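Student: Could you take me through a close look at the place where the ligand sits?

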Amino acid sequence: MDTNAAFEFPAARFPASIENLRVEVRQFLSGERRSGALSRPDSVSMVVSLDFTRKLAAHGWIGMTWSREYGGHEKTALERYAVTEELLAVCAPVRAHWVADRQTAGVLLRFGTKAQKRKYLPKIAAGEWFFTPGLSEPDAGSDLASLRTRATRVDGGWRLSGTKTWNSNSHVAQFTLVLCRTEPAGEDRHQGLTRLIVDLASPGITIRPIINLAGEHDFNELTFEDVFVPDENLVGEAGKGWNQATTELAYERSGPERWMSSFRLLAELTEALGKNASAAACQQLGGVLAQLLTLRQMSMSVAAALEAGRTPNLEAAIVKDLGTCFEQELVRVARELINSEGIDIWDTARRLADVLESAQLWSICYTIRGGSKEIMRGVIARGLGLR
Ligand SMILES: Cc1cc2nc3c(=O)[nH]c(=O)nc-3n(C[C@H](O)[C@H](O)[C@H](O)COP(=O)(O)OP(=O)(O)OC[C@H]3O[C@@H](n4cnc5c(N)ncnc54)[C@H](O)[C@@H]3O)c2cc1C
């Protein structure tokens, strides 16, 4: 894995053909780094670059596992997993297409009509159309089923009103896949919820930026005032959207992005420690690496289950909880080792200081985005039959 620094995963469990693919991706990324097209090397954030997204698409690295009929490349989940790891290792500027490729497409492939698949998937795979998830609301974050955004039936479609929040990159996306209430909540609040594809250029939509703790414009608040959504944008059956939302969250919760967000920090730390690291530092770093490789195996198993058409909500929640706590713990370990090993972050290891600062600010959201850790533990408890 090309990281900018001296760190590499062993090739465990990946067949040789995938290692060739890794080499190809690394060569591409090296070229991009040389031309200055990669994200800042001193930050863990993965920014938007429409140019980079189109180049990835041209290589066939978006929509990798879908059928050619829908613009995909019919590769395996493991091949996609390897490409995702390589991109995350260098914090590649993939933000624009990330959500559509990772989760929206999975929902459309599973629940969408043939016409929807034909319309949206080739454009996503071409790196031209992007989605933002339309789940959370100002008063319904963790308790998603209590959402208040509503759509009512009108001639030829629906009228949508309400507010969504924390919508990642809705300022660059063309669409959102909204979860809204279309029937009154009965005894089971999960019934009567519906998923609609909403064109963000529709009249009646306001997008307000929210600047995050790191000072970056990553997400927004979306307001819908009587927005018309045509019938053809209904995904699956009206009133049965909850299952789609949980499927989407399983895609969001289990990938390498749930244990690799602080990877650049680990790479920089390893390089700064160098060959003179103390035995205690090596031991601590070894412990971190063991956790990382275990998480990787777990996450790959969930990817395989999703590929097989299952909805591994429990397993995805376990990966999300353990992985994101690990990503935060790494920041603490880095601070501790910088201190105990006397690494001079004000002089020789200046880039490590910058990456640490960026990771410190970003890591707070790791155990919130995609569902908070408290909620993950509730999902796990329910999955184990404990509540
Ligand atoms: C960087 C980032 C990007 C995001 N992108 C999107 C996006 O694109 N689209 C989208 O729809 N959402 C997005 N989210 C939302 C995210 O996935 C969370 O689900 C959401 O932020 C949680 O809701 P909330 O912020 O209202 O917090 P709350 O639900 O108010 O929770 C606040 C705190 O209370 C705890 N809590 C809540 N309920 C319980 C309970 N029953 N038991 C114990 N503890 C509880 C939570 O764990 C949390 O610590 C994003 C969030 C972040 C941080």
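Tutor: Happy to; let's walk around the ligand and its surroundings. This is a predicted model, where local features need pLDDT of at least 70 and side-chain atom pairs count only at pLDDT 80 or more, while totals for chains, interfaces and linings use all residues. Residues are numbered from 1 along each chain as its sequence is written, and side-chain values use heavy atoms, leaving out hydrogens and water.

Around the ligand there are 18 residues, each with a heavy atom within 4 Å of it. The closest are S136, S142, W166, S372 and E374. A ligand oxygen lies 2.7 Å from a polar backbone atom of S136, and a ligand nitrogen is 2.7 Å from a polar backbone atom of W166. On its own the ligand has 990 Å² of accessible area, and the protein covers 64% of that (Shrake-Rupley method, 1.4 Å probe).

Now for the shell itself. By class, the shell has seven nonpolar, nine polar and two charged residues, with Gly counted among the polar ones. The strand β3 (157-168) and the helix α11 (373-383) each supply at least two shell residues, and β3 gives the largest share, four residues. (Strands are DSSP runs of E, at least two residues, and helices are runs of H or I, at least four.) Domain 2 (132-241) and domain 3 (255-383) each provide at least three residues of the shell; these bounds come from an automatic or database domain assignment.

How values were computed:
Polar contact = N/O pair within 3.5 Å; in protein donor to acceptor, adjacent residues only side chain to side chain.
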